[in-house]
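Hi,

Here is the structure I promised to pass on.

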Number of protein chains: 2
Amino acid sequence: VEPTALVLAGGSGTRFWPASRRSRPKQLLALDAERSLLAQTVARLAPLVAAPDVWVATTAALAPAVAEELERVPAGQILGEPAGRNTAPAIAWALLSMPEAARRGIVVVLPSDHRVADPEGFRRTLARAIEVAAESDRIVTLGVVPRWAETGFGYLELADPPEAGSGAPRAVARFREKPDRATATAFVASGRHLWNAGIFVFRGTRLLEAIELHAPGLAAGLAALDAEPARAAELYAALPSISIDYAVMEKLDDLLALPLDCGWDDLGSWQALFEVLPAGAGGNRLHGDAVALDTENSLLFADHGLIATLGVRDLVVVRTGDAVLVAHRDRAQEVRRVVERLEAAGRRDLL
Amino acid sequence: VEPTALVLAGGSGTRFWPASRRSRPKQLLALDAERSLLAQTVARLAPLVAAPDVWVATTAALAPAVAEELERVPAGQILGEPAGRNTAPAIAWALLSMPEAARRGIVVVLPSDHRVADPEGFRRTLARAIEVAAESDRIVTLGVVPRWAETGFGYLELADPPEAGSGAPRAVARFREKPDRATATAFVASGRHLWNAGIFVFRGTRLLEAIELHAPGLAAGLAALDAEPARAAELYAALPSISIDYAVMEKLDDLLALPLDCGWDDLGSWQALFEVLPAGAGGNRLHGDAVALDTENSLLFADHGLIATLGVRDLVVVRTGDAVLVAHRDRAQEVRRVVERLEAAGRRDLL
């Protein structure tokens, strides 16, 4: 059986406001390329997983927009969750929705809103993970080789450091929460820590067994859902809201990891996007219709209409049809404060 | 006969781009108040000149927008010039279009895109100018008492300094071009120099006589125009393009000036607007829909949609439906460079 992919595309967030909205979250945006991060995620899987073998878990509200992005993914494989219950219910429900052959085969679960600079390298590691999961019948995760002491990610601690160039899997000793700066620095120096990127490879039935074992409450809820599909909305909403890491992965004593070194980036802010886009004249990054005069090291991102700048530096300027954000680059990660202000003011039109 | 006003509203410019466009120049913008500068100009004349006694000279293209701004001005008194030929032809043509009684009475000519902080003070000086023009049958200009050594304006040099508080008119010795900084400083120190604000008060027939005398080429063209109204467009376009200052005012040896001290401002740039708007929290000036977080001394001018700023200072941000300008306040007077760039790129949609 060919492997199946399950792309998680139910996320929402505020870090790319005003480009991102409730109705058009980050994964649906074309931030770093012509296509949305979601469309890039699916395209990047080929030829390991072709579009007809891709499933997507998203919210009911986003499902139509997701389907529009992914024309080659069969409509019946784009699952709109009746309610947002985090990743463990989403993954389990998707597995139970697949034909039995797919569920008994290898499934790749991955987020839809990350960037990969080197898709070839990504596929090389993913192909190896698929092999390892099939041969060992264990759950395999791809952990990103850290490029700096990031405090915004969780880490996977390996029992032994990965062997350079061998591609051999390593046992995961434990999951580590987002560290403080000193701990993050020690993690990177250790050579035994990888960024947890939320990418898992397993035989579908194997994961469902692990849920039975480690998350019996969720398993019981899923059984009820399976028994009464007519009450799906109500029963889904009653599932425990829990992440797959917390429900299962952190509890496994035989989780394997493969180090991933492919220019992975979670694109967590406008500043992160600035860093991955190629610098043009003056160190500026221009997207869309922009005129930059005497402007340096700024990101001008025009979704709609023109951005013109004059005599400024180190700014993020993002223009949509109904809003514009002008922020110092060093403050771009605080854009949530703008969103909170708009929420408090009841400006649902801008959220 | 009640005085008549002639408002010159044919100007175009780039200094308020992107709010100002060819189809909506500065005088049609509501920059410092709820109403456009043009509407404020007409409102400010009452009760000295009521709207039914106001005439407006503008371009044919702008006439409909001007009429919309000035509902109480009779439509037949809004003159769309067949071609832009500067102020002397515009004023002369308007005088010839008026009923003879108005032309034989006092006419106040004034620009439509300036700001007056103290309308009461403006009317006091204007009323005096109307009296003086009627009694003396001389042309009277209102010259602004300079508040700083401006190098961007022309000056009127008086034969003698004005008498404080007397309101007596003074003879204009000569017109002075835009000075360099040292000269401007000397002008202000002299007490004998006023800013030329382009406001003139005269009996209409008196001005037409002055044109006959000082600008015979223009007078001949006007006579031809008067003789063949059917060929107005062609004959108007053939008039010499010349300002009223150059054609007439600078050549008079009996021009009188009254000092005007009423918070007059020509609002020459976004920076000038910043200076006249009242400061809010953080020294910011907000117009329209704006959210300013950790923002200082910035002008946020939202014509359409929201402006949100975060961690910035000393910026001008102007948002319209199709463009946004982000400029350092010190560079706002260079916005013409953006317009030139757009012209060079053939972006007529944004001009």
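Helices (H or I, at least four residues) and strands (E, at least two) are DSSP runs, numbered from the N terminus.

A word on provenance: this is a predicted model, with local features needing pLDDT of at least 70 and side-chain atom pairs counting only at pLDDT 80 or more, while totals for chains, interfaces and linings use all residues. Residues are numbered from 1 along each chain as its sequence is written, chains are lettered from A and ligands numbered from 1 in the order written, and side-chain values use heavy atoms, leaving out hydrogens and water.

Next, a helix pair: α3 (87–97) and α7 (204–214) of chain B pack at about 130°, axes 10 Å apart. I91(B), A92(B), L95(B) and L96(B) of α3(B) are in contact (heavy atoms within 4.5 Å) with G204(B), L207(B), L208(B) and I211(B) of α7(B). Those residues split into seven nonpolar, one polar and no charged, with Gly counted as polar.

Finally, a 180° rotation with 0.0 Å of shift along its axis superposes chain A on chain B, RMSD 0.0 Å, by least squares on the C-alpha atoms of residues with pLDDT of at least 70 in both. That is the relation of a two-fold axis.

Cheers

Conventions. Axes fitted to C-alpha atoms, helices over the stretch in contact; angles between N-to-C directions.
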